[in-house]
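Take a look at the sequence and the 3D structure below. This report goes through the sheet and then the nonpolar cores.

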Amino acid sequence: MEGSLRFPHRRNEILPVRNLLVQEANENQCFYVSIPKPDMADGFDSEAGPFIEGGDVLVLDKTIFVGNSGLASNKNGVQWLRNLASNFDYSVVEVPLHPSILHLDCALSLVREGLMIVCEEALIDGIPEQLRDWDKIHVSLEDAAKLATNGLPIE
């Protein structure tokens with residue numbers, strides 16, 4: 001899935017590699033989906049979106065968590081993804097974030113089944129219900145701002 005970046009100066013970053021992604025999708029008979037370009041009816045800096053950024057998206061089985069701090073992904077992007085994902089039996093959970101946190105992966109990292117690195121202070125509504133019973137490695141808001149939860153998932 002190709003997202004849509006909120007900062008205007010980053011919106012075309014995908015263009016240099018899009019042909020590679022399309023080629024891979026065609027050769028491997030998989031879906032290549034792109035969120036609609038942001039609505040700029042109210043100007044180049046319009047906040048309407050829809051915006052979905054990769055750092056805001058965490059997938060666990062058939063649940064997709066999407067962060068929303070007001071800096072990257074937004075409600076219009078979450079709704080677009082919810083509509084798309086429902087066709088494939090996925091559910092989408094919006095995770096409101098502290099306004100100083102850029103992406104969900106700056107506040108929450110799923111290390112393995114049952115273990116997370118988390119900055120609870122950055123999660124406005126607390127840890128999502130699906131993850132509340134997991135073991136936690138706690139990180140402060142100050143450390144989260146320094147990307148202490150941000151890792152490289154390999155799977």
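## The sheet

Strand 5 and strand 6 run parallel and are joined by four bridges. Strands here are DSSP runs (E, at least two residues), and helices are runs of H or I with at least four residues, both numbered from the N terminus. Two strands pair if DSSP finds at least two bridges between them.

The open sheet has three strands in the order 4-5-6, with mixed pairing. Strand 4 (108-112) and strand 6 (135-138) are the edges; each has a single partner strand, so one side of each has no neighbour in the sheet. From one strand to the next, the twist averages 25°.

## About the model

This is a predicted model: local features need pLDDT of at least 70, side-chain atom pairs count only at pLDDT 80 or more, and totals for chains, interfaces and linings use all residues. Residues are numbered from 1 along each chain as its sequence is written, and side-chain values use heavy atoms, leaving out hydrogens and water.

## The cores

The largest nonpolar core has 23 residues. Such a core is a set of buried Ala, Val, Leu, Ile, Met, Phe, Trp, Tyr and Cys residues joined through side-chain atoms within 4.5 Å. Buried means under 20% relative accessible area, exposed over 50%, partly exposed in between (1.4 Å probe, protein chains only). Phe 65, Ile 101, Leu 104, Leu 123 and Leu 131 touch the most other members. Strand 5 gives the largest share, three residues.

Terms used. Axes are lines fitted to C-alpha atoms, for helices over the stretch in contact, and angles run from 0 to 180 degrees between N-to-C directions.
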